[in-house]
Amino acid sequence: MHGYIAPLRLRLNGDALLSNWRWLAGMSGGAACGAAIKADGYGLGAVEVMARLVRAGCRDFFVSNWGEARAVEPLLDDGVSLSVLHGVRDEDMAQALASRARPVLSTPAQAARWRAAGGGPCDLMVDTGMNRLGLDWRGGLTAASEGLSIITLLSHLASADEDTSLNPTQLARFRDVARQVKATRYSLANSAGICLGTDYGFDLTRPGLALYGGVPSPVAAPHIRQVVHPQVQILQRRRVMAGDTIGYNATFTASHDMEVAVLNIGYADGYLRGFSGKGVALRGDVRLPVLGRVSMDLLAVDVGTAPWLVEGEWLDIAYDLPAASAASGLSQYELLTGLGARYDRIWDG
């Protein structure tokens with residue numbers, strides 16, 4: 001509805017987004033630094049994210065499927081590339097052949113389909129140990145890649161956020177693959193992979209999580225800034241008497257008379273039940289603990305320390321991603337990509 005102002009919003013810090021990308025670019029050891037903008041820019045809005053990063057100098061973007069590609073293709077310009085990570089199905093061929101985006105081919109059938117259709121430049125995904133998408137690193141690469149004009153040869157690290165022997169193993173395998181398959185450039189590192197060091201950078205890095213305020217490694221912690229700041233309005237302030245319960249299944253019982261605010265946010269907005277009894281709203285430096293269960297659309301917080309708060313006022317939701325992940329048991333990825341469509345998304349900077 002025209003002019004509608006939602007009772008919940010995301011304040012999105014554009015300066016922090018660009019600061020994060022520039023730090024990741026500097027850590028990429030001379031490799032170009034791209035950006036994963038799949039899942040609608042990790043929940044922030046892919047068009048807005050891409051526009052800001054293009055202006056900052058980012059030239060390589062990655063989405064999951066051709067529906068996501070359609071949304072951001074108008075932003076493609078000379079020197080800006082878009083890769084579709086899930087390759088190309090039969091159903092995608094008409095759009096893919098007409099698009100300036102490139103498919104990231106990951107199966108022999110996709111490679112044959114693209115070749116037979118006379119498709120132009122493409123990317124190629126090789127699996128080096130994650131056993132997700134990609135051609136098997138152990139064989140068949142020459143036949144699958146024959147006749148293709150491969151811009152970027154990619155693989156994906158399975159455990160870059162952990163100190164594990166799988167990381168150097170995948171690195172060695174990818175180096176071997178790079179000797180076998182001719183491509184314009186080679187790409188292995190995601191956000192956490194960038195933090196493993198420049199050996200993982202090759203020609204192009206593909207950060208996602210860290211762009212948006214996620215911290216994939218202790219190396220990144222001092223440098224990554226929070227981008228997403230949820231805010232929500234108070235719908236009602238009420239007094240709860242000692243012995244009364246709050247929320248579904250009465251999981252919280254008031255030990256004394258309390259002042260409670262009911263907020264317009266819930267698990268339908270991505271503020272999931274893992275925050276029940278653990279999350280925090282904020283007004284300045286005043287912390288307002290979540291009481292009882294998070295429900296679909298509503299949340300109760302203790303406002304006993306904030307007697308001035310009334311219906312209609314806005315509160316911040318504590319959403320520093322590492323801290324929110326530790327409190328809720330949700331991954332930083334879930335916290336970002338689960339943010340719902342009911343927020344107004346407002347960019348600052």
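Trainee: Which residues have the most contacts inside the largest nonpolar core?

Mentor: A nonpolar core is a set of buried Ala, Val, Leu, Ile, Met, Phe, Trp, Tyr and Cys residues joined through side-chain atoms within 4.5 Å, where buried means under 20% relative accessible area, exposed over 50% and partly exposed in between, with a 1.4 Å probe and protein chains only. In this predicted model the largest such core has 97 residues, and those with the most contacts inside it are Ile37, Leu53, Phe61, Leu263 and Val301. Helix H1 (residues 14-26) gives the most to this core, with 6 residues; helices (H or I, at least four residues) and strands (E, at least two) are DSSP runs numbered from the N terminus. A second, separate core of 7 residues includes Ile246, Ala254, Met258 and Ala300.

The model being predicted, local features need pLDDT of at least 70 and side-chain atom pairs count only at pLDDT 80 or more, whereas totals for chains, interfaces and linings use all residues. Residues are numbered from 1 along each chain as its sequence is written, and side-chain values use heavy atoms, with hydrogens and water left out.

Trainee: What is Val301 in contact with, leaving aside its neighbours within four places in sequence?

Mentor: Contact means heavy atoms within 4.5 Å. With those neighbours left aside, Val301 touches Glu259, Val260, Ala261, Leu263, Ala281, Leu288, Pro289, Val290, Leu291 and Leu315. For the protein chain, among contacts between residues at least 6 apart in sequence, 64% join residues at least 24 apart.

Trainee: Which residues of helix H3 are buried, and what do they pack against?

Mentor: In H3 (residues 46-56) the buried residues are Ala46, Val49, Met50, Ala51, Arg52, Leu53 and Val54. The elements that they pack against are H1, strand E3 (35-36), H2, strand E4 (60-63), helix H4 (66-72) and strand E20 (344-348). After H3 comes Gly57, with a positive phi near 115 degrees.

Trainee: How should I read a pocket, and what is the volume of the largest pocket?

Mentor: Rolling a probe the size of a water molecule over the atoms shows where empty space is left. On a 1 Å grid over the protein atoms alone, a cavity is a set of points where a 1.4 Å probe fits but cannot get out, and a pocket is an open set with protein on both sides within 12 Å along at least five of seven lines, while lining residues have an atom within 4 Å of a point. Grid points are joined across faces, edges and corners, and a volume is the space filled by probe spheres set on the points.

The largest pocket has a volume of about 610 Å³. Its lining consists of 30 residues, of which Lys38, Met130, Arg132, His156 and Asn190 lie nearest its centre. Helix H2 (38-42), strand E7 (122-127), helix H9 (191-194) and helix H11 (332-337) are the elements that give two or more residues to this lining. The lining divides into 15 nonpolar, 10 polar and 5 charged residues, where Ala, Val, Leu, Ile, Met, Phe, Trp, Tyr, Cys and Pro count as nonpolar, Asp, Glu, Lys and Arg as charged, and the others, Gly among them, as polar.

Trainee: Which residues are closest to the centre of the second largest pocket?

Mentor: About 240 Å³ of space lies in that pocket, and of the 16 residues that line it, Ile246, Gly247, Val262, Leu299 and Ala300 are the closest to its centre. Strand E12 (228-240), strand E13 (245-246), strand E15 (258-263) and strand E18 (299-302) each give two or more residues to the lining, with E12 giving the most, 3 residues. By class, the lining of the second largest pocket holds 9 nonpolar, 3 polar and 4 charged residues.

Trainee: How many aromatic pairs are there, and why is the pair of Phe174 and Phe202 given the class it has?

Mentor: A pair of aromatic rings is described by the distance of the centres and the angle of the planes. Rings of Phe, Tyr and Trp (its six-membered ring) pair if their centres lie within 6.5 Å, and planes under 30 degrees apart count as stacked, over 60 as edge-to-face and the rest as tilted. The count comes to 4 aromatic pairs. Phe174 and Phe202 have ring centres 4.9 Å apart and planes at 90 degrees, so the pair is edge-to-face. This pair links distant parts of the chain, with Phe174 in helix H8 (residues 166-180) and Phe202 in the loop between H9 and strand E11 (204-205), 28 residues apart. Phe174 is buried, at 0% relative accessible area, whereas Phe202, at 24%, counts as partly exposed. Phe202 also has a positive phi, near 50 degrees, in a residue other than glycine.
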